[in-house]
Amino acid sequence: MPFHFARSLTYHHHQGHRLLPPAAKWRRHQLADEPRARPKAVVLYTTSLRGVRRTFADCSAVRAILRGFRVAVDERDVSMDAAFRRELQSLLASRGRAFSLPQLLVGGRLVGGADEVRQLHESGQLRRLLDGAAGQDPAYVCDGCGGVRFVPCTACGGGRKVFIEEEDRVQRCGDCNENGLVRCPNCCS
């Protein structure tokens, strides 16, 4: 069987690109930790802001470790979308943990931050934990967003406001986040 990597931006899942034998079937149910996660989905909460050097360096290190395993990662940048921040805060609070970045989830299970990922990687346990995760071509860059994973909202053009002709008024766009952005439809699930 030839080895095939799904093509996607910076490690995002695509529904149709899985490295599964034809007979393999995934159970489709909601996981307790991550409502939208699929079995063996790899989710990484990070930040692209360089305000705190150590946090940015830790996010980059975990991203590089996962890239080395060539697994598809749904990277959720909390600095680009406040909903991701709230999602992570809720997840960590339910476990009595303080907010910190990065945070890795595999198959809906919270693995931990940079120190935990490094320890698992050095002991060889991270490879076993990632077995069954979808493959990823780490060299692929999305034509739609250029690797940022977000694009300006098409409904409001990134301005966060839309004009309602019937009511002759302007209102907040319901399609985008607080930055006038939506996840890239080409590379994000």
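Helices (H or I, at least four residues) and strands (E, at least two) are DSSP runs here, numbered from the N terminus. By that rule the chain has 4 helices and 8 strands, and along the sequence they follow the pattern β-α-β-α-β-β-α-α-β-β-β-β. Do keep in mind that this is a predicted model, in which local features need pLDDT of at least 70, side-chain atom pairs count only at pLDDT 80 or more, and totals for chains, interfaces and linings use all residues. Residues are numbered from 1 along each chain as its sequence is written, and side-chain values use heavy atoms, with hydrogens and water left out.

Of the 189 residues in the chain, 44% are buried, meaning under 20% relative accessible area with a 1.4 Å probe, protein chains only (exposed is over 50%, partly exposed in between).

Two of these buried residues are Phe 84 and Phe 150. Together they form an aromatic pair that is tilted, at 6.3 Å centre to centre and 55 degrees between the planes. Rings of Phe, Tyr and Trp (its six-membered ring) pair if their centres lie within 6.5 Å; planes under 30 degrees apart are stacked, over 60 edge-to-face, and the rest tilted. Because Phe 84 belongs to helix α2 (residues 82-93) and Phe 150 to strand β5 (residues 150-152), the pair ties together parts 66 residues apart in sequence.

Finally, the cysteines. The structure holds 0 disulfides, a disulfide being a pair of cysteine sulfur atoms within 2.5 Å. For Cys 173, the nearest cysteine sulfur is that of Cys 153, 3.7 Å away, and Cys 173 is in no disulfide. Cys 173 is buried at 4% relative accessibility, and Cys 59 is buried at 0% relative accessible area.
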